[in-house]
Amino acid sequence: MNDVNNIVYGDEKRIFINTALGCNSGCKYCYLSNLGVGKDITYYTAEIAIKKVINMSCFLQGKEGTIISIGCYSECWDKTNKTNTIKIIEFFARMGNYVQLATKKKIELKDLLYIDSLLLFKNQLSINISVPTISNALILEPNADTISERLSLLEYKSKLNKIYISLYIKPVLKDITIKDITQYIDLMEKYKISAVIGELLVTNMDENKINELVGENRLKELPCSDTNIIMEKLRGIGKIYFHSTDFINEQRFLKEERV
């Protein structure tokens with residue numbers, strides 16, 4: 001699958017952009033191998049990816065247009081990929097589109113401040129800190145940055161004006177994620193942040209279930225009873241979303257209500 005044709009896909013609501021195919025984080029629950037994406041990473045330039053997006057007939061420019069999701073076949077903030085990710089944010093920030101990413105990497109303050117200065121409106125960029133497990137991260141995500149490194153950007157939250165930050169508790173891992181509820185509550189309370197809580201994406205499931213756009217419609221969500229328990233526990237602490245785009249769609253709805 002490591003082909004340039006796979007680096008951009010989507011529809012008028014949401015387009016995924018990858019400037020790499022493959023990831024070396026080594027997460028034990030990763031869906032990439034089932035999609036034919038190997039450990040050998042193939043990188044592409046931001047310019048190639050951007051050109052593909054703007055040539056898509058479904059792409060809609062602007063705040064009410066297509067959501068740009070960076071990654072899903074790679075870690076968008078690894079050492080090689082980071083520069084291209086910033087270029088993509090630069091381009092679509094100027095276009096006025098909402099942009100989002102999820103990462104298991106530490107993001108430096110200087111990068112955050114630079115990106116924040118590019119944004120045209122509040123919450124234009126969503127950064128979702130990937131923490132599907134805290135206590136088992138070293139075992140299940142052996143090559144990702146440590147939890148403390150990932151969460152360090154929360155200390156910079158007050159310095160940012162237009163970047164939206166949330167916990168990305170996705171996928172919920174059966175009997176694993178639920179062990180860290182207390183730590184998630186503490187983080188949400190301390191930093192006044194929301195959370196995205198969602199299911200594991202898998203292949204070869206019940207054909208009656210709806211395919212997800214992520215993975216080019218080859219993945220489905222695997223229901224887990226722990227998900228509802230975690231959502232109920234955290235709902236009283238802060239905003240909870242099932243998909244990362246839910247927050248953006250909520251912002252649009254609130255804008256319509258104010259008009």
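Modeller: Helices (DSSP runs of H or I, at least four residues) and strands (runs of E, at least two) are numbered from the N terminus. This is a predicted model, in which local features need pLDDT of at least 70 and side-chain atom pairs pLDDT 80 or more, while totals for chains, interfaces and linings use all residues. Residues are numbered from 1 along each chain as its sequence is written, and side-chain values use heavy atoms, without hydrogens and water.

Colleague: Where is the place of Pro171?

Modeller: Pro171 is joined to Lys170 by a cis peptide bond, with omega about 5 degrees. Most peptide bonds are trans. Pro171 sits in the loop between E8 and H6.

Colleague: Which residues of helix H6 (residues 181–191) are buried?

Modeller: Buried means under 20% relative accessible area, exposed over 50% and partly exposed in between, with a 1.4 Å probe and protein chains only. In helix H6 the buried residues are Ile181, Tyr184, Ile185, Leu187, Met188 and Tyr191.

Colleague: Within what arc do the buried residues of H6 fall?

Modeller: The arc is that of the directions from the helix axis to the C-beta atoms. Thr182 and Lys190 are exposed on the other side of H6. The buried residues of H6 line one face of the helix, because seen down its axis they fall within an arc of 165 degrees.

Colleague: Which elements do the buried residues of H6 pack against?

Modeller: Contact means heavy atoms within 4.5 Å. The buried residues of H6 pack against helix H5 (147–151), strand E8 (163–169), strand E9 (194–197), helix H7 (225–235) and strand E12 (240–241).

Colleague: What arc do the buried residues of H1 cover?

Modeller: In helix H1 (residues 46–54), Ala46, Ala49, Ile50 and Val53 are buried. They lie on the same side of H1, because the arc they cover around the axis is only 95 degrees.

Colleague: Is Asn123 buried or exposed, and at what relative accessible area?

Modeller: Asn123 is found in the loop between helix H3 (109–118) and strand E7 (125–130). Although not a glycine, Asn123 has a positive phi of about 70 degrees. Asn123 is buried, at a relative accessible area of 11%.

Colleague: What is the relative accessibility of Asp175?

Modeller: Asp175 lies in the loop between E8 and H6. Its phi is positive, about 65 degrees, although Asp175 is not a glycine. Asp175 counts as partly exposed, with a relative accessibility of 46%.

Colleague: What share of the 259 residues of the protein chain count as buried?

Modeller: The protein chain has eight helices and twelve strands. Its C-alpha trace spans about 45 × 45 × 35 Å along the principal axes. Of its 259 residues, the share that count as buried is 56%.
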